[in-house]
Amino acid sequence: MKGLAKGLKYTLSNLTKQNVTTQYPDVPLQMPDRFRGIQKFYPEKCIVCNQCANICPTDCIQLTGKPHPDPGKKGKIIDTYDINFEICILCDLCTEVCPTEAIVMTNNFELAEYSRDELFKDLVWLDENDNNVRKENKA
Amino acid sequence: MVNDLLTSPAGWIHAAIFFGLGACLLMIVLGFVTYAILAERKVLGFMQLRPGPNRVGGRFGLLQTVADVLKLLIKEDTIPKAADKPLFILAPVLAFAPAFMVLAAIPFSNHLKFSDLSIGLLYYIAISGITTVGILMAGWASNNKYSLLGGMRSAAQMISYEIPLVISVVGVIMFSGSLNLTEIVEGQKTVAYMFLSPLGFIVFLISSIAELNRTPFDLPEAESELVAGYHVEYSGFRWAFFMLTEYVYLFAMAALTTVLFLGGWNPVPFLGCIPGIVWFALKFSLIVFFMIWVRGTMPRLRADQLMEFAWKVLLPVALLNIFVSAVVKELFLR
Amino acid sequence: MIRTEEMLLNVGPQHPSTHGVFRIVLKIDGETIVEANPVIGYLHRGTEKLAENLQYTQIIPYTDRMDYLAAMTNNYVICHAVETMMNIEIPERADYLRVLVMELGRVASHLVWFGTYLLDIGAMSPFLYAFREREAIIGFLNEISGARLTFNYMRIGGVKWDAPEGWIEKVRDFVPYMREQLAGYHDLVTGNEIFLNRVKGIGFYSKEEALDYSLSGANLRCTGIAWDLRKDEPYSLYDRFTFDVPAFDSGDAWARYQCRMAEIEESLKIIEQAVEQFPETGEVIAKVPKIIKPPKGEAFVRIESPRGEIGCYIASEGKKEPYRLKFRRPSFYNLQILPKLLVGENISNLITILGGIDIVLGEVDG
């Protein structure tokens with residue numbers, strides 16, 4: 001009986017304690033700076049080196065480049081850049097290998113959509129996704 | 001007023017008045033159920049460091065249960081193909097009807113009562129036994145193995161715990177010399193029976209939790225073992241009826257405990273200025289809170305331990321209580 | 001004469017207490033189990049096969065998804081295997097960080113077990129209390145690795161990030177807080193007579209049986225064999241810390257409960273010492289070639305995960321990808337004793353026994 005009484009005392013003492021839950025959808029969740037959320041892409045920084053597409057463990061990045069419009073400059077610039085968030089596991093490897101920090105992680109994590117098609121994010125979308133970028137990657 | 005009505009000859013007008021009063025009580029009980037569920041969720045929530053329902057009906061979630069019931073009402077009514085259809089439909093009714101019938105016998109205050117049965121206590125216990133049949137029927141008719149197990153457990157449990165429950169009140173009956181619930185309350189004018197037969201009170205409280213199928217005796221619907229027990233195949237409003245049964249019984253059982261052991265509407269000494277109904281409500285809420293509190297703390301017993309506990313611990317203690325009560329009556333209440 | 005029939009009861013894969021998608025087909029006589037046939041594989045993702053086409057760095061995020069309650073140990077075992085093959089020396093600071101996150105993960109994992117086990121047995125409050133503390137740990141790991149469960153924190157040769165500012169201090173302050181809460185759990189649960197009745201003597205197996213079934217972790221230590229790789233085959237920095245290996249003799253669910261609760265305390269001791277010894281400065285990743293190519297050959301390493309011995313076998317052809325990768329997944333091995341334990345038990349005990357083994361389906365199915 002002593003154990004039962006102790007347990008009852010413990011729950012009763014918690015009755016008046018402060019709640020520990022957060023009011024998530026009403027109050028946005030603040031994630032730490034390193035949090036790996038949806039990527040932000042800077043098209044102007046990209047040198048089309050293909051490293052992100054190569055390192056991606058799930059092959060969810062697809063990109064194509066085109067020759068630099070200024071004939072005087074060498075190299076390529078980005079043409080299309082798509083991430084398929086149906087299979088992206090947000091492992092952060094793409095941003096780790098990127099030599100110019102053209103792709104970086106943000107703190108945004110809300111990816112729920114009504115249709116699978118909307119999970120297919122293209123260059124324009126990824127470029128516009130520019131809030132909550134990690135401090136170390138701020139442009 | 002009610003006392004006059006109860007003693008006056010029968011007639012159509014009286015029948016109509018009683019019908020009206022009965023309907024009022026029904027509404028009050030439904031109101032209680034609505035807020036008992038909310039209170040349970042809130043208290044559990046606070047104990048578990050979370051706010052509980054807080055979205056529908058303002059910060060305190062006052063309309064949460066209403067929304068839940070509304071949702072259950074408009075839900076599709078499904079009956080499994082392999083179920084025994086007539087029994088499946090009958091079971092919730094059979095489980096629910098006695099829950100309301102027992103309320104008729106309970107006096108809430110000196111003036112507020114709906115009957116004055118001389119065998120009120122016996123009536124309560126006899127009628128509440130019918131619910132077991134409803135639950136067993138639900139378990140069987142669903143044609144589901146989990147609900148069958150749940151129904152069987154439930155029948156075994158409720159029958160076993162009815163015995164210590166009844167025997168534990170024998171002490172009270174001896175003190176008051178009556179089965180009439182009003183007279184039992186009147187007998188507690190000076191001292192509540194929980195002090196005269198503490199053993200009986202404890203046995204009654206434990207057995208009543210078991211009768212109500214609440215934690216730690218919630219084996220019939222143990223969600224981690226039997227998924228939901230006897231009502232696993234029920235949905236929508238039929239399911240709501242089982243839930244309603246459970247909470248109406250919570251109401252009835254808490255009221256009965258108040259009447260039998262806590263002195264009903266008798267005030268605590270020196271505070272007689274507060275009306276009886278308030279005292280009743282206070283004592284009643286205390287019992288309900290205790291049940292919620294226990295639910296927030298205890299794990300569940302195992303079926304065989306449950307049976308052992310009823311037959312090997314509660315029953316002997318209840319029998320001992322009869323003896324002790326007789327001694328107490330002989331020594332102090334002459 | 002009463003004619004009785006055995007009944008076939010299908011538990012899972014969507015049963016609330018099978019901790020995921022585990023299925024057992026039971027033959028029951030009344031409420032007594034006559035025969036139990038576990039069916040696994042509902043969560044099989046072929047991690048080992050997938051790994052054969054992945055570079056070593058790419059495999060790390062996949063290991064996060066095996067034992068998702070203690071992903072840090074999984075991260076460690078693959079890195080440790082590759083480092084062993086390539087003879088990479090790990091910087092001290094990185095090693096301390098690894099130990100810290102692994103032990104935090106162990107505490108978090110045992111907390112989940114504690115909460116869900118009590119939920120299985122029917123008490124709902126301990127679950128929420130345990131998750132309050134787990135949430136704090138998850139917060140720490142989130143801060144250091146950037147994810148709450150799928151950390152992907154370790155790299156071959158070290159760790160991805162150094163600890164953020166103030167992190168070590170926060171972890172240090174967490175230890176006494178956690179001890180206090182642990183005392184609360186003991187008040188709430190450990191002395192509870194109903195709980196004791198539910199677990200004492202349930203799911204008993206002997207030392208020999210435990211060894212025959214190749215059990216490990218708390219499932220082995222509950223029989224009195226104090227076998228813990230952190231002590232017996234120290235890897236990483238575990239030889240620098242003083243801690244005990246809790247072992248209990250009774251071999252039942254109660255011993256397993258005590259074992260895990262004691263392990264939380266031991267982990268806290270390790271965290272405390274690691275924080276104390278934590279080097280002021282230093283690198284967090286060793287110099288490793290950009291493309292990791294372990295030499296031709298094979299290696300097997302094993303470490304102590306919260307659930308038991310997790311092993312990693314790599315056969316390398318000297319290429320970027322492993323020729324064959326194999327994980328010894330402790331949950332899978334520990335689960336094998338279940339059918340034997342269940343025969344003759346009550347259905348209520350099914351949950352107590354299954355919960356006591358502490359499986360994670362992601363790990364069982366691979």
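Two strands count as paired when DSSP finds at least two bridges between them. Keep that in mind for the first stop on this tour, and remember that you're looking at a predicted model.

**Stop 1: a hairpin in chain C**

Select residues 23-29 of chain C, which make up strand β2, and residues 32-39, which make up strand β3. The two run antiparallel and pair over seven bridges. Together, β2(C) and β3(C) form a hairpin, with two residues between them. Click on Gly30(C) in the turn: its phi is positive, at about 70 degrees. Then pick Ile28(C) and look across to β3(C), where Ile33(C) stands opposite.

**Stop 2: an annotated domain in chain C**

Stay in chain C and select residues 120-296. An unreviewed UniProt entry marks this span as "domain: NADH-quinone oxidoreductase subunit D". How much of residues 120-296 of chain C is helix, and how much is strand? Color by secondary structure and you'll find 53% helix and 2% strand.

**Stop 3: where chain C touches chain A**

Now show chains C and A together. This contact draws 20 residues from chain C and 18 residues from chain A. On the chain C side, α2 (56-63), α5 (125-145) and α6 (167-190) each supply at least two residues. Sorted by class, that side of chain C has six nonpolar, 10 polar and four charged residues.

**Stop 4**

Hide everything but chain A and look for an open sheet of three strands, ordered β2-β3-β5 and paired antiparallel. Strands β2 (61-67) and β5 (120-121) sit at the edges with a single partner strand each, so one side of each has no neighbour in the sheet. β2(A) pairs with β3(A), residues 76-84, over seven bridges. For a landmark, select Gln62(A), which stands opposite Asp82(A) in β3(A).

Val48(A) has a phi near 55 degrees, and you'll find it in the loop between β1 (39-41) and α2 (51-55) of chain A. Asp59(A) has a phi of about 55 degrees and belongs to the loop between α2 and β2 of chain A. Is Asp59(A) buried or exposed? Asp59(A) counts as exposed, because it has 11 C-beta neighbours inside 10 Å and the cut-off for exposed is 12 or fewer. Val48(A) has 18 other C-beta atoms within 10 Å, so it is partly exposed.

**Stop 5: where chain B touches chain C**

Bring back chains B and C. Their contact takes 24 residues from chain B and 24 residues from chain C. In chain B, α7 (145-168), α13 (276-297) and α14 (303-332) each give at least two residues to that side. Which helix gives the most? That's α14(B), with three residues.

**Stop 6: along α14(B)**

Zoom in on α14(B). With 30 residues at 1.5 Å a residue, this helix should span 44 Å, which agrees with the 41 Å between its end C-alpha atoms. Center on Phe309(B) to see a kink of about 30 degrees. Phe309(B) is also one of the buried residues of α14(B), which include Leu306(B), Leu314(B) and Asn321(B). The buried residues pack against α7, α8 (170-176) and α11 (198-211) of chain B, along with α14 (347-357) of chain C.

Finally, select residues 309-328 of chain B, one of the spans that an unreviewed UniProt entry annotates as "transmembrane region". Residues 309-328 are 100% helix.

Key:
Residues numbered from 1 in each chain as written. Chains lettered and ligands numbered in written order. Predicted model: local features only at pLDDT ≥ 70, side-chain atom pairs only at ≥ 80, totals over all residues. UniProt positions renumbered as here; feature names shortened; annotations may be inferred. Helix = DSSP H or I, 4+ residues; strand = E, 2+ residues; numbered from the N terminus. Contact = placed C-beta atoms within 7 Å. Expected span 1.5 Å × (residues − 1). Bend = angle between axes of the 7 residues up to and from the residue. Buried ≥ 20, exposed ≤ 12 C-beta atoms within 10 Å, placed from the backbone. Nonpolar A, V, L, I, M, F, W, Y, C, P; charged D, E, K, R; others polar.
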